[in-house]
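Subject: Structure handover

Hello,

Please find the structure below, together with its sequence. My notes on it follow.

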Amino acid sequence: MLIVKDLSVQRLDKAIFENISLSLSPRNITILKGKNGSGKTTLLKAILNIIEPSFGSIYWKGKLLKKNLYDFYNHVTYIPDTTTSLKKLTIRDNINIWKKFFISDINNAQIETALKTLKLDNNLNKKVGTLSFGETKKLEFLRLIIENKNVWILDEPFSNLDDDSIELMKQTFEDHCANEGSIIFSSHQNPGIYVTEEMEL
Amino acid sequence: MKFLNKIIFFYFREYKLNMSGVQDILTNIIFFFVSIFIFIFSIGPDKETISLIGVGIVWTLLLLSSTLSLRKFYQDDFENGNLLIIHLNGLSFGFIAILKTFSHFLFVQVPFLLSIPIACVLLNIANDKLFYLLTSFGIASLTLSCLGSISSSMNLMNQRNYLLGSVIVMIFSVPIIIFSVSIINMEENFNSLINILFGILLIVFAINPWASGLCLKLSLENN
């Protein structure tokens, strides 16, 4: 589905990473491991066509990504390491905005179940700015369910999460793969998730 | 249909965001009126003088007040990653710039448009000039929003000097001010001057998605 071939990114004549190749098929989970500044986020952004690679190419469904970009975007959900939820608004408002903006076919019952699982159901009218880091991170994951797309690209998904939430994420990853989904995520270390490909940067 | 829904719900998002920060809109309006009062107090109680320079005062303050909100144009969405998320939802950077420009026009400039009649009363501007003032600001404010979009997107790449964006807008708004004030003082040339203002709007409107879109892409690339 997604093939990254000999990808290199340079900034100011300094190589961030060189000759990275990976492929992502349905039911695959790829982890990008590495220290701070090793280029994990840069690679994810290059895959999303936000950063122009210096060398190499990316293919989506057999075509060059640039020529098939919006089809790729229709199949991908990206969760960056920042809080994309709008801090001035409540959890409920954020969910409503996402549901409408992403034209989600997820119904309210499914969202309520997800909120209960994430233990956010009692905070629906709380402003996102007042939530803890962990709660905000869990709210970000709700977008994965609302967007309901095949490919998940996640930047440091386990930072600020407690053990219970990490367990929950493991289960969510497995369920997504069982439904023909695929995941690429970056992390300093693997918190025990079964992965099909591990890449050290 | 899906694309149209995305646009509609983009504005639903903008509406929710602006309503949650309605105090920002009010602050702009308060700045506008407080500045008018300061002008009145500094000029003195002479009705004729105030009336003579009133239009110039209104235009200068409208320009200054609308540049106050420029920092927020893209900054919040850029910092929290929403710009990227909106782009990944299938909207190109150029199209995001167009949507954001209209959002700025609706939530920042339209409240000023509604405030102009009150400002005219305070500055003893004749009723017959109000129509010309509203028409010229209606067109020119959209031009200012386009210029604001370009300068704010450029500012994303220059995080150290936010005032630069306001300076750029003010320099490029000089011809807009000249023609807008001329409309009010040379009513017999209304049609030709309004056409010039439309022309400026169309030029800036055409450049805006290209220039802003490129700046947004570059700033996300270098972030």
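Start in chain A, where Tyr78(A) stands opposite Ile153(A) of strand β7(A). Bear in mind throughout that this is a predicted model.

Tyr78(A) belongs to strand β6 of chain A, residues 76-79. Val76(A) and Tyr78(A) point to one side of this strand, while Thr77(A) and Ile79(A) point to the other, and all of them are buried. The partner strand β7(A) covers residues 151-155, and the two strands run parallel, paired over four bridges. As background, strands of a sheet pair through backbone hydrogen bonds, in either a parallel or an antiparallel sense.

Glu147(A) is located in helix α5 of chain A, which spans residues 133-147. Is Glu147(A) buried or exposed? Its relative accessibility is 9%, so Glu147(A) counts as buried, the cut-off being under 20%. The side chain of Glu147(A) makes a polar contact of 3.1 Å with the side chain of Thr77(A), and another, of 2.7 Å, with the side chain of Arg143(A). If neighbours within four places in sequence are set aside, Glu147(A) is in contact with Val76(A), Thr77(A) and Phe102(A). Of these, Val76(A) and Thr77(A) are in strand β6(A), described above.

Chain A also has an open sheet of four strands, with the order β2-β1-β4-β5 and antiparallel pairing. Its edge strands are β2 and β5 (63-64), each of which pairs on one side only. Strand β4 of chain A, residues 55-60, pairs with β5(A) over two bridges, in the antiparallel sense. Within that pairing, Tyr59(A) has Leu64(A) in β5(A) as its bridge partner.

Most residues other than glycine have a negative phi. Asp6(A) is not a glycine, yet its phi is positive, at about 50°. Asp6(A) sits in strand β1 of chain A, residues 2-11, and is partly exposed, with a relative accessibility of 38%. Asn19(A) also has a positive phi, near 50°, and is likewise a residue other than glycine. Asn19(A) is in strand β2 of chain A, residues 14-24. Its relative accessibility is 54%, so Asn19(A) counts as exposed, the cut-off being over 50%.

Three residues, Ile85(B), Leu88(B) and Glu221(B), account for 23% of the area that chain B buries against chain A, more than any other three residues.

One salt bridge is found across this interface. It is formed by the side chains of Asp93(A) and Lys16(B), with a distance of 3.5 Å from N to O.

Regards

Key:
Residues numbered from 1 in each chain as written. Chains lettered and ligands numbered in written order. Predicted model: local features only at pLDDT ≥ 70, side-chain atom pairs only at ≥ 80, totals over all residues. Heavy atoms only, no water. Buried area = accessible area lost by both parts, 1.4 Å probe. Salt bridge = Lys/Arg side-chain N within 4 Å of Asp/Glu carboxyl O. Buried < 20%, exposed > 50% of the residue type's maximum accessible area, 1.4 Å probe, protein only. Pairing = 2+ DSSP bridges. Polar contact = N/O pair within 3.5 Å; in protein donor to acceptor, adjacent residues only side chain to side chain. Contact = heavy atoms within 4.5 Å.
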